[in-house]
Amino acid sequence: MKFISNLKKGICLDLYNGLFRNCFLIIFPFVLGNIFFMDYWNRVQILIRENQLKLAQTSFGDCWMYIYGGMRVYIPQENDKFHFPVTWIMLFMLGTFLVLNYPFKDLESSGQQVLVRMGGYSEWWLSKCVWNIVSIFYYHGMVILTALGLCVIKGVPVARKVNIVLLCRLFDIVDPACFLDSADSVEFGLGWVMLPICMAAAITLLQMMLILFLKPFLAFLISTVLFITSVYLFLPFVPGNYAMALRGEWLMVDGMKMMNGYIMVFVMSAAAVTIGFVKFKKYYDILGSGNN
Amino acid sequence: MRNVLKLELRKAFQNRLFLLALIAGGIPAVMSAVYNILLVNERMTYLGEIYSTPAYYIEGFSLMNHWMGGEAYSLGTAIFFYISPLIAALPYGWSYCEEKRNGYRQLMVARCGKKSYVFSKYIAAFVSGGLAVVLPLVFNLLLTALFIPLIKPFPSFIDMYGVSSVDPMSYLYYSHPLCYVFCYLCIDFVFGGLIACMAVVFAVFVRYKVLSIILPMFVCLGINYIENFIYTNPSGHIYHELSPLYFLRAVSAVYPASWTIILTEGAALLVVALMIGIKEGHCEVY
């Protein structure tokens with residue numbers, strides 16, 4: 001009972017200090033949501049002006065796809081040079097950056113007091129894990145809700161549909177044969193909306209665990225390389241692929257399977273929490289943690 | 001002044017993070033070299049079976065389009081140029097933040113003066129950042145050159161080289177390829193150094209060194225994202241590359257580079273670094 005009560009207190013404290021009092025984490029998702037929507041809206045407006053699209057043919061699903069789509073499968077060749085999807089990279093990198101510093105910054109200041117008063121390492125570590133997951137869900141949730149709100153304001157229909165013609169224009173896809181369905185628009189389930197967010201949470205948990213072994217900027221460097229590798233390599237064991245909506249099996253021939261994605265999220269999260277817990281409890285020197 | 005500069009340069013080059021930056025840049029450099037060497041080998045074997053003489057295709061397989069700066073399709077190249085702002089800031093961009101926090105700055109200022117200290121810090125960050133970016137590129141160039149010969153590019157194979165008349169210094173690429181490579185290495189050195197100076201600039205405002213290392217990367221990403229807003233109609237327009245993440249390559253990946261943009265961005269970074277440096281050189285440190 002004492003463990004649960006301590007854990008509850010730890011979570012409340014972390015949510016208060018690390019989320020509600022973290023103005024960057026609170027504000028950035030709104031700003032990003034606005035920027036991404038404006039970017040999407042500009043592109044749609046150009047197509048509407050050129051009579052290639054009508055506003056009624058678009059929906060919130062297209063906007064979501066523009067933000068979370070990522071990049072089409074890349075096949076290296078001389079006439080197709082690699083360039084990373086800046087919207088997707090920006091979204092995910094900023095998320096990992098915003099949750100990078102708090103746990104160990106906390107350990108340098110009031111966290112040590114909290115750790116002593118809690119009476120256990122496990123509560124501290126688990127409350128940080130919960131904080132991490134909640135923060136990432138808040139971050140992505142706010143980006144999506146902001147985009148959704150702007151869609152409503154601009155009169156874009158709210159539907160979970162993706163217009164294939166618009167998709168090809170937005171992501172420079174020349175051959176629509178890579179898509180599963182030949183129809184004009186395809187509908188997607190909520191599971192696909194949640195998968196990139198869950199994957200982002202798993203990657204940030206992994207990053208938090210890595211900070212216990214390496215310095216924070218090295219953990220961030222590894223996350224960065226992981227994201228760029230995911231964009232380049234279309235392989236089922238590269239986790240970032242599941243965070244790209246464009247590469248899902250609901251849309252693409254031989255796309256990533258949703259179930260595999262959730263299994264990977266679970267395995268990564270469980271491994272990160274367990275390894276981090278063992279390392280933090282047995283080997284981590286909290287007094288010498290000034291590696292920021 | 002000379003002694004402080006010497007001391008700062010020694011600190012910049014004799015720390016583990018400089019070595020780490022070289023390793024972080026060296027791994028993608030090796031990946032890119034291995035990929036390109038295997039690719040060229042495979043294609044040469046394939047073409048050798050079709051054509052009777054290598055003269056028909058040999059000029060398409062030059063060091064110029066298979067070293068890390070000259071190609072834009074291998075994973076190693078993608079990783080290297082993407083993390084180059086982190087690599088540049090890693091060796092010494094963080095030091096001002098660290099020394100501000102632990103009180104070493106006050107000690108140094110008392111001994112050698114504010115201006116000398118800040119100036120030396122910038123120079124050390126600039127040189128270490130520039131070298132951290134350039135050395136993996138030179139390493140890759142030399143490693144690739146062990147297996148792929150430097151054949152003077154022939155304009156008939158322009159599709160394989162990816163450097164056309166809209167790219168800056170394209171005349172050098174086809175006439176004096178090594179001069180072209182040298183010019184790009186100089187550009188990379190200067191921008192690597194300026195990005196490291198940006199880390200020092202951020203160090204003035206933030207408390208944690210991890211932030212001062214990472215923030216320059218978001219500046220580069222932000223510049224890249226601006227293209228989304230202003231380059232909205234790719235057909236019929238010749239846009240030029242805004243992002244250092246792309247124009248530091250000796251070959252265009254999305255848009256061709258432009259001297260105007262390279263010089264403007266370089267000047268802007270320099271002005272910001274100088275302004276903050278002058279401000280720091282005059283502010284109270286105690």
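Reply: Here is a walk through the contact between the chains, then the pocket, then the arginine.

This is a predicted model, in which local features need pLDDT of at least 70 and side-chain atom pairs count only at pLDDT 80 or more, while totals for chains, interfaces and linings use all residues. Residues are numbered from 1 along each chain as its sequence is written, chains are lettered from A and ligands numbered from 1 in the order in which they are written, and side-chain values use heavy atoms, with hydrogens and water left out.

Let's start with the interface. Chain A brings 41 residues into contact with 43 residues of chain B, where contact means heavy atoms within 4.5 Å. Together the chains bury about 3,800 Å², and 71% of that is on carbon and sulfur atoms; buried area here is the accessible area (1.4 Å probe) that two parts lose on being put together, summed over both. On the chain A side, Glu78(A), Lys81(A) and Phe217(A) supply 20% of the area buried against chain B, more than any other three residues. Between the two chains there are zero salt bridges (a side-chain nitrogen of Lys or Arg within 4 Å of a carboxyl oxygen of Asp or Glu).

A pocket is an open set of points on a 1 Å grid over the protein atoms alone, where a 1.4 Å probe fits, with protein on both sides within 12 Å along at least five of seven lines; lining residues have an atom within 4 Å of a point. Of its 31 lining residues, Asn22(A), Phe24(A), Phe97(A), Leu98(A) and Leu211(B) are the closest to the centre. By class, the lining holds 20 nonpolar, seven polar and four charged residues; Ala, Val, Leu, Ile, Met, Phe, Trp, Tyr, Cys and Pro count as nonpolar, Asp, Glu, Lys and Arg as charged, and the others, Gly among them, as polar.

Finally, the arginine. Arg249(B) is in the loop between helix H11 (244–247) and helix H12 (259–282) of chain B, helices being DSSP runs (H or I, at least four residues) numbered from the N terminus. Arg249(B) has a relative accessible area of 3% and is therefore buried, which means under 20% (1.4 Å probe, protein chains only). Leaving aside neighbours within four places in sequence, Arg249(B) is in contact with Phe82(A) from the other chain, and with Gly69(B), Ala72(B), Thr77(B), Ala78(B), Phe81(B) and Tyr184(B).

Key. Helices (H or I, at least four residues) and strands (E, at least two) are DSSP runs, numbered from the N terminus. Buried means under 20% relative accessible area, exposed over 50%, partly exposed in between (1.4 Å probe, protein chains only).
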